[in-house]
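Okay, thanks for coming, everyone.

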Amino acid sequence: MTRTARRTLQMAGAGAAALLALSACSSSDDSSSAKSDSSDELSGTVTVFAAASLKESFTALGKEFEREHPGTKVTFSFGGSDSLAASITGGAPADVFASASPKTMAIVTDAGDASGTPATFVRNQLEIATLPGNPDKIASLKDLTESNLKVVLCDKEVPCGAAAQKALDAGKLKLTPVSYEQDVKAALTKVELKEADAAVVYKTDVHAAGNKVEGVEFPESADAINDYPIVQLKDAQNADAAKAFIALVQSAEGQQALTEAGFLKP
């Protein structure tokens, strides 16, 4: 082979190598671009209906979600899980439902308003919330049955109320509260405003209230731990953002935030 022929072949080989390198680079750039597009594709509002006890932790996760996905906005409707479920089956627009019990989640799934299968993402345990300093020296669930105490419970249809009744049944105790409240935050507020001496709420609510109340643990609460399921709704207006928000809740970051708020791991 002549020197000229060899040089021609070498140049052709170098050109092919350059084309391969350019192709690989282009492929890499396309991949990078796709990844970038994927991370930026979320936009618009995602509407989350969530149990009242999730208010503090979900609000924080909502802000984190908006930071991670510029162009999105998370709006929440917090309340008693039974009322939220009734709103969803009644046609209220929402993308995600996070309930404080499987029973209230079943209202939504039985109506065919869920997309996919609900997943338990945390659990929660009851605690007695008393006035700061616990002036009535409440030390047990039985102490709440004393007639001189004004005690507040959640309505029995609300998960925290159903759990409280389960705990009372486990202790073979009967308790007549001064009022039944529509969600756990309303029950806690009665104590914070000194309109009640105590309330049976979740540990997470006592934690969130800080020095406004004092928490008293009781063994019967172990018989009434609530699982919290979450699901994307069938008529979600922003399905992609709904999936991403649920993923954040279930991520290590989300689980850490929930655990720090006092929730138990699923």
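First, the housekeeping. This is a predicted model, so to speak: local features need pLDDT of at least 70, side-chain atom pairs count only at pLDDT 80 or more, and totals for chains, interfaces and linings use all residues. Residues are numbered from 1 along each chain as its sequence is written, and side-chain values use heavy atoms, with hydrogens and water left out.

On confidence: pLDDT is the predictor's own score for each residue, from 0 to 100. The chain averages 88, with 85% of its residues at 70 or more. Where pLDDT is low, the predicted coordinates should not be read in detail.

Now helix H2, residues 55–68. Helices are DSSP runs of H or I, at least four residues, and strands are E runs of at least two, all numbered from the N terminus. H2 reaches 20 Å from first C-alpha to last, close to the 20 Å expected at 1.5 Å a residue, where the expected span is 1.5 Å times one less than the number of residues. Its buried residues include Phe58, Leu61 and Phe65. Buried is under 20% relative accessible area, exposed over 50%, partly exposed in between, with a 1.4 Å probe and protein chains only. Down the axis, the buried residues of H2 fall within an arc of 165°, so they line one face; that arc is taken over the directions from the helix axis to the C-beta atoms.

Phe58 turns up again in the largest nonpolar core, 64 residues, where Leu54, Phe58 and Phe121 touch the most other members. By core I mean buried Ala, Val, Leu, Ile, Met, Phe, Trp, Tyr and Cys joined through side-chain atoms within 4.5 Å. Helix H8, residues 239–250, gives the most to this core, with seven residues.

Next, strand E10: seven of its eight residues are buried, so the rest of the structure largely encloses it.

Last one: how buried is Cys160? Its relative accessible area is 1%. Cys160 sits in helix H5, and its contacts beyond four places in sequence include Tyr202 and Asn226.

Methods: Contact = heavy atoms within 4.5 Å.
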